[in-house]
Amino acid sequence: MSTVDPAAAREARLRRLIGSPKALVLTLIGGLTLVLAGGAVGYAVAAIMDRVRVSTVNSVFSDTESTMAYWVTPIAAIGSIIGFLAYSHWSHRYSGGRSIHPRPVTLWFLGIAVTMWWATTYLWAPVDMVGTAVDPVFGEHEAWGAGAWFSYAMRWWAPGLATMLFVLSLLFGVLSRVRERRGRELLDRLLREGTRTNGEVTELTLPVSNDSGPSVTHWTFSFTDLQGQRRWVQRIQRLPRGRVLSIGGPVTVLYDPSRPHDTSRIFVALEGGDRAEDYLGPGLRP
């Protein structure tokens, strides 16, 4: 049995994975799985919509039926879960927690959008007659109503909606990375020019500890600035596994002495305080 501190050994393993070929390959595999799973979701959704569309635009006596397979649905669900877990885990390990890869949902929507355009263009059942529900038995043809035209237009608006969600997710990811980069630049500058002081945890909500895995904790810490004024800062943050908070516990606070009231310029470290990696990000303001 090893006598090495398990927490230190775990941290060492995580540091070795940052930028490693193993983590990169597994991240790429997870990303590919996520895109393919999104493609399966797009196919399953298109298959369901095709059945609805055929029953709406054609007569009940029409022989036209959807030929798309419905058994893809469980594969799409299971593949999506595996893809999200694998990609999120290994991209986090490779980057060390930084947002340098596309967000999982972006890759997922990419697969959905591409497959839906393909399915609606090449796989959907044909319409007996555009604008009319043809009755081949009794000859009682009916002109399409608003619902039939809406269903007919699915071939454009359904994949178009999936494409819009992909683009919005992509833009959100880009903006998040820009925000994170600016936060890191600010942290680096404050490490050189800012003020470090001791603080303490004054309030927190459960979970107090998270040995089972990362968790989100709402907590408050306080510190005294250079003018002798005591300040309180609230955070809603994702704490790594094994990090424990307790009321009265010490923390290291890094802040901008010219703007000590600006919570976006206040960083806190539960341990250490000399490296950027020691500090938790500004988090969400209440």
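**Figure 1. Salt bridge between Arg196 and Asp274.** In this predicted model, the side chains of Arg196 and Asp274 meet in a salt bridge with an N to O distance of 3.8 Å; a salt bridge is a side-chain nitrogen of Lys or Arg within 4 Å of a carboxyl oxygen of Asp or Glu. The pair links distant parts of the chain, 78 residues apart: Arg196 belongs to strand β3 (residues 195-204), and Asp274 to the loop between β7 and β8 (279-280). Helices (H or I, at least four residues) and strands (E, at least two) are DSSP runs numbered from the N terminus. Arg196 is partly exposed, because its relative accessible area is 41%, whereas Asp274 counts as exposed at 65%. Buried means under 20% relative accessible area, exposed over 50%, and partly exposed in between (1.4 Å probe, protein chains only). Residues are numbered from 1 along each chain as its sequence is written, and side-chain values use heavy atoms, with hydrogens and water left out. As the model is predicted, local features need pLDDT of at least 70 and side-chain atom pairs count only at pLDDT 80 or more, while totals for chains, interfaces and linings use all residues.

Figure 2. Side chains of opposite charge can pair when their charged atoms come close. Asp278 and Arg275 form a salt bridge of 3.0 Å, N to O. Salt bridges that share partners also join Asp256, Arg259, Asp262 and Arg265 into one network. Within it, the closest N and O atoms of Arg259 and Asp262 are 2.9 Å apart. Asp262 counts as buried at 13% relative accessibility, and Arg259 as partly exposed at 34%. The whole structure holds 10 salt bridges.

**Figure 3. Surroundings of Asp256.** Asp256 is placed in the loop between β6 (250-255) and β7 (266-269). The residue counts as buried, because its relative accessibility is 8%. Its side chain is joined to that of Arg265 by a polar contact of 3.2 Å. A polar contact is a pair of N or O atoms within 3.5 Å; within protein, one must be able to donate a hydrogen and the other to accept it, and residues adjacent in sequence count only if both atoms are side-chain atoms. Apart from neighbours within four places in sequence, Asp256 is in contact (heavy atoms within 4.5 Å) with Arg189, Leu190 and Arg265.

**Figure 4. Nonpolar surface patch.** Phe150, Trp157, Leu161, Met164, Leu165, Val167, Leu168 and Leu171 together present about 720 Å² of accessible area in a nonpolar patch. Patches are made of residues with over 30% relative accessible area and no salt bridge, like charges being joined within 9 Å and nonpolar side chains (Val, Leu, Ile, Met, Phe, Trp, Tyr) within 5 Å. Accessible areas come from the Shrake-Rupley method with a 1.4 Å probe; for residues, only the protein chains shown count as cover. Helix α6 (residues 154-193) gives the most to the patch, with seven residues. Leu161 lies in this helix and is partly exposed at 41% relative accessibility.

Figure 5. The structure holds nine aromatic pairs. In one of them, the ring centres of Trp219 and Phe221 are 5.3 Å apart and the planes lie at 40°, so the pair is tilted. Rings of Phe, Tyr and Trp (its six-membered ring) pair if their centres lie within 6.5 Å; planes under 30 degrees apart count as stacked, over 60 as edge-to-face and the rest as tilted. Both Trp219 and Phe221 are buried. Trp144, Trp149, Tyr152 and Trp156 form one aromatic cluster.
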